[in-house]
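Please look through the sequence and the structure shown below, and keep both in view while reading this report.

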Amino acid sequence: MGHTSLQKIIALQRNPANIRNLCILAHVDHGKTTLADCLVASNGIISSRLAGKLRYLDSREDEQIRGITMKSSAISLHCTHGAQEYLLNLIDSPGHVDFSSEVSTAVRLCDGAIVVVDAVEGVCPQTQVVLRQAWLENIRPVLVINKIDRLILELKLSAQEAYTHLQKLLEQVNAVTGSLFTSKVLEDRAEKEEEKERDMASGDYVYDCSDGLEEADDSLLYFSPDQGNVVFASAMDGWGFSIQQFANIYSQKMGIKAAVLLKTLWGDFYLNAKAKKIMKGAQAKGKKPLFVQLVLDNIWSLYDAVVTRRDAEKVEKVVTSLGVKVMARDSRHSDPKVLLAAICSQWLPVSQAVLSMVCEKLPSPLDIAAERVEKLMSVGARRFDSLPKQTQELKRAFLECSSGENSPVIVFVSKMFAVDTKALPQNRQRPLTQEELSQRRELARQRHADRMAADQAATESNKDLNHTGRVPQEDRPAGLSTAKMESLTLKESKQEEEEEQKETFVAFARVYSGVVKKGQRVFVLGPKYDPTQGLRMLPEGCSASDAVCEVPHLSCCTMESIYLLMGRELEELEEVPAGNILGVGGLQECVLKSATLSTSPACPPFTPLNFEATPIVRVAIEPIHPSEMPKLVRGMRLLNQADPCAEVLIQETGEHVLVTAGEVHLQRCLDDLRERFAKIEISASKPIIPFRETVVRPPKVDMVNEELGKQHKVAIIHQVKEEASQSRLSDNLHVDPSGLVTLDTPNRLSTVSVRAIPLPHEVTCLLESSSELIRTLEQVNMSLREGKSLDVSLRTLEAIAGLKTQLESLLQGRKWRNTVEHIWAFGPRRYGPNILLNSVEGYQRPSVWQCLSRGDNVIDAGAQSAQLRDFDNSIISGFQLATLAGPMCEEPLMGVCFSVERWDIQSSGQSQNQDSVEKGSISPEDFAHHKVERRSDTSQAEGTAAGPGHARRRPEANAGDCYGPVSGQLIAAMKEACRHAFQAQPQRLMAAMYTCEIMATAEVLGRMYGVLGKREGRVLHEEMKEGTDMFIIKAVLPVAESFGFADEIRKRTSGLASPQLVFSHWEVTGSDPYWVPTTEEEYLHFGEKADSANQTLKYMNAVRRRKGLYVDEKIVEHGEKQRTLGKNK
């Protein structure tokens, strides 16, 4: 097919029924970009000979060097299938785990996906991830099994063995899809059962866990060649086929109906040559299956003739029988793969097989599922039913994908990407027409003639000058004007250069409804925008072009330019109808990373993107020349906008910190900063490793596995603490042997007693995974304390009730009795994995679960908050500060429960009447708000808890009190009490852990284990991939030890093993950083100094050194033994 014109694509954009929006998903190095090249070559954009070598959609230099895709790129292709013409908006996505956020941005804009799987490696970790992402976004996948040539040339399998291998591979892929489907059905079933149980008065109903799976329709779910949603291919060799193609070929030759062949070509069927019938039971009777006999044998014999034996006669026969034309230079080429590609690309072109499957099997924008629309529009805790009526009516616009004049414009921007200003179509040099060429030729001739005349005049004037010694007057202004012109052109060229250096941001977006026009004004809906509030505040029929009053999280912008995305190039358009993918210019001031754009304020913001990779690798960045700091700040702002996963922070210390998903991602971000965004020399610190601090139960055995007596246990727990704390213990601090810490405020008006208890591991994991839900719970409670009504969806209330039930089931036993009801707060930042417990006798404060006990939507907030004690919020703020920075190395705490067992407040001699908290506690609360939360909507002063008109009398220090407000003293006292209570227990660091999946051959296993062992890694399990010599090893590795791990493992294994690192969990490190030998056995084993390496202590000291905290270490141990320069021995 020749090159498609822009006008043709614009015409095809108007017919949404024939549009296919699809992305290519796969594990790294499974052949996505090579397959994309083959599809691009079918449109004549690149040569078919360069397909797979050019990697057209990898437009970045580092992508070409590394050989992996790092960003999602889109291209529009034209395809003819049958009598119909189709427009394919194809997005190529990365397979490396560090760039899985780019996959999320691509999947959101598509209706279908091509999942590519390597025939040898099979289902890899990232294959499972992309299948899950496609499932979560409700898009339909089709399968391409790529690199089948490796089965022939590398594994040397026979056609029969290859068939068995492919069957197992299909089973693996379908197993992943089936598990996703099963979990979804069972979730839906559980919801229905809960509703039933509420309705049914009697509890006689028996729940069947598999009930619902039988009725659920999964016919379109699985990949099967006879359904036409599987293509077998070798993209590098340019061939690929579906069973449909061979069914059509053999139906003519054998006289069997194509429909019959389609059903029997894949499966346990064979051809009975005598009866000339297709019969079942090939495996039982030891016959060749039809797929092997009619399909694979032909391909195997072709490879045997062309690549293995290089049999020229046989090749000639094959070429003649297939009816293909091979050029003489291809047949004479020294590389047999060139000849093979020339034959296969004509016999079974991969582009034809894949494009036919895409057109037939993937849905058009008109086929978007109602369930997907509701899921996109149900943002946060709200259900689709609870949205305003005008918002629910927009669902019809989605489903119709209408491009009418009155249809509301709805656009979703999934990411912003940076483009060099010179590459924009309006700045690109366009090819000149014949008339323009002739005009320019005439101008050049005229200029040349004028120059010749000027030179001649100059020579004559020189002659006159020699005779008279004077310069003609008329020549002077001409010279001056020339100098002026030259200076002006130089200035202009400098300005042009400065302008050309700028980066322009283009939004990567899709139109879901309406027609997007150049210069159109639209609303930009922030992620927290509430359509109910927007419709209430805006006048009816208001549009984005009107002067809009201030509505929270709503702004307006103009779509200055609209582009068609064509891989490395952009084409300017005037308008784009619904159902298409496009680029939008002019949004960089309004959109940070992703956004929803609409002409209707009733449109809700879409649900946030599902990012699989968590940014965990942090580095501090500074310019080499301090004067260039403004450029760095601007560059980091641009980088933050251009990368969907990178985060840019400014810490309290003033450091500029970049947070990325992994080492490769970090390297790409640093390169972008240096070369594109900041364009300055920068220095990056060593990666800042995140840790967490926790407490554990007292150990039962010592370091040499001897059982500890009670006195030894106490010695171990308190040994270092007692020595260190003896000097610190003042009159107002008392530490009980059981670990209870009692602390008075400096003015002796208040006393707090706190105990630190380790939370069970399951509870910590539950709190960490439910952080968003706890944040919602905190917002609801805050609204109730302020006396506001908040409409919370039933689903959110059910989730909160579920969290409470889970906590109750996990916190069992005498020690945890009634714990869940007495939870005071979560921390840090009010939603972290630590608990503050109210164990104060006689203090009944409102429960954090109060939203569950309400009958109506609003509780009588005044009555509830009347039970709050004075300074209740000061205790919470002190707890928040303590959990944000622990005593070991100022890292956040995790899995700790602080139980407040006593809290007394004595009234001072002079109490003063005050309005709420105005004078006494606003400033310390503001301090806590700034230090702990940094969120204007979560930190509240104590007095706001009282309902309207509930001004209270508060005990406060007298006017001459030198210790400051009581609330501030109480915050500090609570923080110190928590820290001392933490130190009274056995302390441990928690390290961030990666799960590491490595595929390696048997001969490099030993070397790979060596690298893992050296870096504190732990192998969980290894299994051999059936039918290959590959092993799959699953291990865990601390993030602190992971830097340079991938490079080292590749070097040690000669490139035969390549790891994929994904952040998994937090794990308690094995050793106590403060450990010293106490028992006789430990002294014998470790010696008096016990100076063997303590890995946890190394981690802790490294963090303390980085933060500028005191590090207890000896620089010189034996001063008298140090050599001097004088003694040269």
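## Two residues with a positive phi

In this predicted model, K679 sits in the loop that links α22 to β23, and its phi is positive, at about 55 degrees, although K679 is not a glycine. Most residues other than glycine have a negative phi. K679 is called partly exposed because its relative accessible area is 41%, a value that lies between the limits of 20% for buried and 50% for exposed.

R310, which is not a glycine either, also has a positive phi of about 55 degrees, and R310 is found in the loop between α11 (290-308) and α12 (312-322). With a relative accessible area of 52%, R310 counts as exposed, because the limit for that word is over 50%.

Strands of a sheet pair through backbone hydrogen bonds, and the pairing may be parallel or antiparallel. Here β20 (residues 617-623) is joined to β23 in the antiparallel sense over 3 bridges, and P623 stands opposite I682 of β23.

## Helices against the sheet

Helix α14 (residues 336-347) has 12 residues, which at 1.5 Å a residue should span 16 Å, and its end C-alpha atoms are 17 Å apart, so the two values agree. At its N-terminal end, α14 is capped by D335, which has a side-chain oxygen 3.1 Å from the backbone nitrogen of K337.

The buried residues of α14 are P336, L339, L340, A342, I343, C344 and W347, and these residues pack against β7 (239-241), α8 (243-254), α11, α12 and α13 (328-332).

## A cis peptide bond

Most peptide bonds are trans. The bond between G827 and P828, however, is cis, with an omega of about -5 degrees, and P828 lies in the loop between β28 (823-827) and β29 (834-838).

Notes
Residues are numbered from 1 along each chain as its sequence is written. This is a predicted model: local features need pLDDT of at least 70, side-chain atom pairs count only at pLDDT 80 or more; totals for chains, interfaces and linings use all residues. Side-chain values use heavy atoms; hydrogens and water are left out. Two strands pair if DSSP finds at least two bridges between them. Helices (H or I, at least four residues) and strands (E, at least two) are DSSP runs, numbered from the N terminus. Buried means under 20% relative accessible area, exposed over 50%, partly exposed in between (1.4 Å probe, protein chains only). The expected span of a helix is 1.5 Å times one less than its number of residues. Contact means heavy atoms within 4.5 Å. A polar contact is a pair of N or O atoms within 3.5 Å; within protein, one must be able to donate a hydrogen and the other to accept it, and residues adjacent in sequence count only if both atoms are side-chain atoms.
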